[in-house]
Amino acid sequence: MCPMPPSSPMAPPTHMPPLSALRAFEATVRHGSVSKAARELHLTDGAVSRAVRDMEEALGFALFQRSNRSIIATPTARVLAEEVALALERLRGALGRARQAAGPDRPLVLSCEPTFLMRWLIPRLGGLQEAIGTQRELRLVSAGGSVPFAREGIDLAIRRADFDMGADVVAEPFLQERVGPVCRPALAKALARSGPLGGVLLHTQSRPDAWRHWSELTGVPLRAGREVRFEHFYLSLQAAVAGAGVAIGPLALVADDLASGTLCVPRGFVADGSHYVLMSPRPVQDEASFALVLDWLRAQTLPLGLAHAQAQASAAG
């Protein structure tokens, strides 16, 4: 009887990190910053840090050198990040081709800025679904900044046009941005008189210069009794709804609260020079859907002109 050959050592199991961890790892290496990666992926810093640590635990070794103020990718991490980026790009391309091959019955993917999505679009979602047809599925993606149409399989996007969109994008405006201080009615009387604006001012990291910009546009100096800062814009607006202070409120995002009497605008609104736009890759691949959504957006935002006039009259009175 022939002897059995010696068994070869078993290879260690390979644990594939989740896709979310791969994306967070690649973005962190590319930016050299957890905060910048978080802004790109529209996550919190903590979520990105946890995803990166999940990646390290799956691999079994450290990918970054950490200190109190910095995070530096190791040489191994930089090489791995390049490979992950190529793999993600191939995956996105394959998904995009699959979506295109699915034809007109595939879902319509609409990317929208988070606060606009939560406070304006979702309350009107039924009307948008009717506009594109109830037989076609509508998928919403919460994101801000530049739009990776092909990579993420996005058809259309709604953005505030406060960044360089590039020549490869079609961007049609549908709403002029108007901003003003908003608060609960109980706080409004002390803020309605002319002169410096005081009280508890609510700030947000996503629009860090909002109060300064409003002050420059109106010539009204700020005399904050106290300042509170939030990570996301919608949190500052929700704090104003709760009576925690005064926030900078874009008209569209507080129109429903003004109509219900939950919030008021003691100093009126002022145009800040920006617009909300509907975006698509150039050339527009689904012209019918682009036109339907754009017409619907313009029709739905028309009443905001009346709301603006009423707010100005109330502030003047």
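Student: At roughly what angle do the axes of α2 and helix α3 cross, and is α2 roughly parallel or roughly perpendicular to α3?

Tutor: This is a predicted model. The axes of α2 and α3 (residues 45–59) come within 8 Å and cross at roughly 105°. Angles of 65 to 115 degrees count as roughly perpendicular. The relation of α2 to α3 is therefore roughly perpendicular.

Student: Which residues make the contact of α2 with α3, and how many of them are charged?

Tutor: From α3, the contact draws on Asp45, Val48 and Ser49, while α2 contributes Val34, Ser35, Ala37 and Ala38. Sorted by class, the contact has 4 nonpolar and 2 polar residues, and the number of charged residues is 1.

Student: Which strands form the edges of the open sheet of 8 strands?

Tutor: The sheet has mixed pairing, and its order is β4-β3-β5-β10-β6-β9-β7-β8. From one strand to the next, the twist averages 30°. An edge strand pairs on one side only, and here the edge strands are β4 and β8 (222–230).

Student: In what sense do β5 and strand β10 pair, and which residue of β10 is the bridge partner of Arg159?

Tutor: Strand β10 spans residues 270–281, and its pairing with β5 is antiparallel, over 4 bridges. The partner of Arg159 in β10 is Val277.

Student: Which helices pack on the sheet, touching β6, β9 and β10?

Tutor: One of them touches β6 (169–182), β7, β8, β9 and β10, and its direction makes about 125° with that of β10; this is α9. The other, spanning residues 251–260, touches β6, β9 and β10, with a direction at about 110° to that of β9. The helices asked for are α9 and α11.

Student: What is the volume of the largest pocket, and which residues are the closest to its centre?

Tutor: The volume of the largest pocket is about 1,400 Å³. Its lining comprises 48 residues, of which 19 are nonpolar, 12 polar and 17 charged. Elements that each supply at least two lining residues include α1 (19–31), α2 (34–41), α4 (75–101) and β4 (138–142). The residues closest to the centre are Arg39, Glu40, His42, Gly144 and Gly145.

Student: How many cavities of 30 Å³ or more does a search of the whole structure find, and which element gives the most to the lining of the largest cavity?

Tutor: The search finds 1 cavity of 30 Å³ or more, and the volume of the largest cavity is about 50 Å³. Two or more lining residues come from each of β7 (197–204), α9 (210–218), α10 and β9 (246–250). With 3 residues, the element that gives the most is β7.

Student: By class, how is the lining of the largest cavity made up?

Tutor: Among the residues that line the largest cavity are Leu202, His203, Arg207, Trp211, Phe233 and Ile248. By class, the lining has 7 nonpolar, 3 polar and 1 charged residues.

Student: Where does Pro283 lie, and which residue does a cis peptide bond join to Pro283?

Tutor: Pro283 is found in the loop between β10 and α12 (287–301). For the cis peptide bond, omega is about 0°, and the residue joined to Pro283 is Arg282.

Technical notes
Residues are numbered from 1 along each chain as its sequence is written. This is a predicted model: local features need pLDDT of at least 70, side-chain atom pairs count only at pLDDT 80 or more; totals for chains, interfaces and linings use all residues. Side-chain values use heavy atoms; hydrogens and water are left out. On a 1 Å grid over the protein atoms alone, a cavity is a set of points where a 1.4 Å probe fits but cannot get out, and a pocket is an open set with protein on both sides within 12 Å along at least five of seven lines; lining residues have an atom within 4 Å of a point. Grid points are joined across faces, edges and corners, and a volume is the space filled by probe spheres set on the points. Ala, Val, Leu, Ile, Met, Phe, Trp, Tyr, Cys and Pro count as nonpolar, Asp, Glu, Lys and Arg as charged, and the others, Gly among them, as polar. Axes are lines fitted to C-alpha atoms, for helices over the stretch in contact, and angles run from 0 to 180 degrees between N-to-C directions. Angles under 35 degrees count as roughly parallel, over 145 as roughly antiparallel, 65 to 115 as roughly perpendicular and the rest as oblique. Contact means heavy atoms within 4.5 Å. Two strands pair if DSSP finds at least two bridges between them.
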